[in-house]
Amino acid sequence: MTGLAVSGWSAVSAAGMAARDFSDAILRAQPDEPASGDRGGCVPGFDIRAVLGRKNTRSMDRITALAVLTVGRLMDGERTDGQEPDDEDTGLVLGTSTGSVQSMMDFTRDSFVQRKPYLVDPARFPNAIMNRAAGQSAIWYGLRGPNATVAGGQVAGLFALRYADRLHRYGHARSVLCGAVEEFSPQRTWLERRRQDGAESAPLSEGCAVFRLESAEDAGAHGRRVRAHLVATSFRVYPSQAEVPAVLADCVRSVLKTADLSAADVWAVAADGTEAQLAGVTELVGDGPRRIAPAAILGDTGAASAAFQVASVLSHAEADRSSDGRLALVASVDREGMAGVAAFLVPVRSDGGYP
């Protein structure tokens with residue numbers, strides 16, 4: 001079966017401010033290369049006013065700017081094909097954890113330390129709301145379709161894909177931009193260190209990845225090529241870490257059944273979990289599929305993790321002809337008890353590239 005087409009994508013990450021920077025970093029990486037501190041952290045050279053201009057950015061926070069830039073890069077790339085994107089029926093779904101931790105904590109602090117609680121800067125209040133990044137991105141580019149923010153921790157990118165699929169399936173949007181965003185900040189670092197309680201982890205990082213989902217027919221009509229088809233998603237909750245392997249395995253069985261494919265059809269598995277967490281997946285699909293782990297290159301990108309896993313799959317599929325007509329699985333586990341798997345079918349390429 002074939003599902004919604006992924007007909008475009010963009011990523012802003014610690015590797016750089018372009019999708020090409022992301023792909024180059026992912027494809028150059030060694031399979032078992034550990035994450036290093038210099039690769040985690042901020043997007044290099046990212047200054048809000050420098051990349052987005054001075055107009056309407058005085059009060060914009062970092063997470064919003066990352067989303068606005070990434071959506072813009074995707075749409076600018078589509079305009080180079082000679083056609084303007086159809087924005088009237090284009091929706092936007094963005095995954096997050098809580099929005100900007102820095103904005104929420106800064107605004108709350110100001111309400112205590114300013115002369116009176118109501119002397120906070122009102123222009124900065126919208127940054128403390130979870131849907132600020134998605135709403136501002138839609139306003140910035142005139143996207144007039146449905147606009148939604150989905151909270152889901154590290155699985156948020158897969159939640160956004162499922163939400164976008166439903167918007168399209170029930171006729172609420174003809175095309176949907178969806179993805180997830182995370183920022184790097186001292187406040188997030190402070191919270192993560194206390195939550196991990198000294199446990200070893202990848203360096204914290206930031207970024208945003210956004211994809212366009214639409215029918216293959218609409219993609220062709222607008223001159224956009226199909227990079228993959230989203231064929232299934234599946235989610236489960238788990239009560240303890242010991243249950244993660246079985247829960248992920250159950251998700252894999254579900255997406256394979258929906259896709260009407262078998263484990264032998266799996267070309268790649270993108271996952272940032274531990275070997276113990278992924279034991280159930282490995283038992284089902286074996287050691288043959290390519291393993292893709294972007295956290296080893298980018299660091300812990302929080303809510304953007306699953307979206308970067310999807311972008312990594314697209315990068316590898318672009319460079320590997322053995323992916324043609326085969327399935328890629330994206331498996332994600334959030335520390336708060338949620339797990340999910342998404343399945344993508346890579347189209348068979350002609351000599352000229354993707355159809």
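Tutor: Begin with Thr 96, which is found in strand 2 (residues 90-96). Helices (H or I, at least four residues) and strands (E, at least two) are DSSP runs, numbered from the N terminus. This is a predicted model, in which local features need pLDDT of at least 70 and side-chain atom pairs count only at pLDDT 80 or more, while totals for chains, interfaces and linings use all residues. Residues are numbered from 1 along each chain as its sequence is written, and side-chain values use heavy atoms, with hydrogens and water left out.

Student: Is Thr 96 buried or exposed?

Tutor: Buried means under 20% relative accessible area, exposed over 50%, and partly exposed in between (1.4 Å probe, protein chains only). Thr 96 counts as buried because its relative accessibility is 4%.

Student: Which residues is Thr 96 in contact with, leaving aside its neighbours within four places in sequence?

Tutor: Contact means heavy atoms within 4.5 Å. With those neighbours set aside, Thr 96 is in contact with Ile 63, Met 130, Thr 149, Val 150, Ala 151, Gly 152, Gly 153, Ala 156, Val 181 and Ala 303. Take Ile 63: Thr 96 and Ile 63 are 33 residues apart in sequence and 9.7 Å apart in space, C-alpha to C-alpha.

Student: How do I read the two sides of a strand?

Tutor: In a regular strand the side chains alternate between the two faces of the sheet. In strand 9 (residues 327-334), Leu 327, Leu 329, Ala 331 and Val 333 point one way, and Ala 328, Val 330, Ser 332 and Asp 334 the other way. The strand is mostly covered, with eight of its eight residues buried.

Student: Which strands pair with strand 9?

Tutor: Two strands pair if DSSP finds at least two bridges between them. Strand 7 (residues 266-271) pairs with strand 9 in the parallel sense over five bridges, and Ala 270 stands opposite Val 330. Strand 10 (residues 338-345) pairs with strand 9 in the antiparallel sense over eight bridges; there, Phe 344 is the bridge partner of Ala 328. The hairpin of strand 9 and strand 10 has three residues between the strands, and in it Gly 337 takes a positive phi near 110 degrees.

Student: Where does Cys 208 point in strand 5?

Tutor: Cys 208, Val 210, Arg 212 and Glu 214 point one way from strand 5, and Gly 207, Ala 209, Phe 211 and Leu 213 the other way. Strand 5 (residues 207-214) has eight of its eight residues buried. Strand 1 (residues 4-13) runs antiparallel to strand 5 and is joined to it by eight bridges, with Val 12 as the bridge partner of Cys 208. Strand 4 (residues 175-182) is also antiparallel to strand 5, again over eight bridges, and here Val 176 is partnered with Leu 213.

Student: How many of the residues of helix 5 are buried?

Tutor: Seven of the 10 residues of helix 5 (residues 132-141) are buried, so the helix is largely enclosed by the rest of the structure. They are Arg 132, Ala 133, Ala 134, Gln 136, Ser 137, Ala 138 and Tyr 141. Gly 142 follows helix 5 and has a positive phi, near 70 degrees.

Student: How is empty space found?

Tutor: Rolling a probe the size of a water molecule over the atoms shows where empty space is left. On a 1 Å grid over the protein atoms alone, a cavity is a set of points where a 1.4 Å probe fits but cannot get out, and a pocket is an open set with protein on both sides within 12 Å along at least five of seven lines; lining residues have an atom within 4 Å of a point. Grid points are joined across faces, edges and corners, and a volume is the space filled by probe spheres set on the points. The count here is two cavities of 30 Å³ or more.

Student: Which residues line the second largest cavity?

Tutor: Its lining consists of Asp 272, Pro 294, Ala 295, Leu 298, Gly 299, Thr 301, Ser 305 and Phe 308. The second largest cavity has a volume of about 40 Å³.
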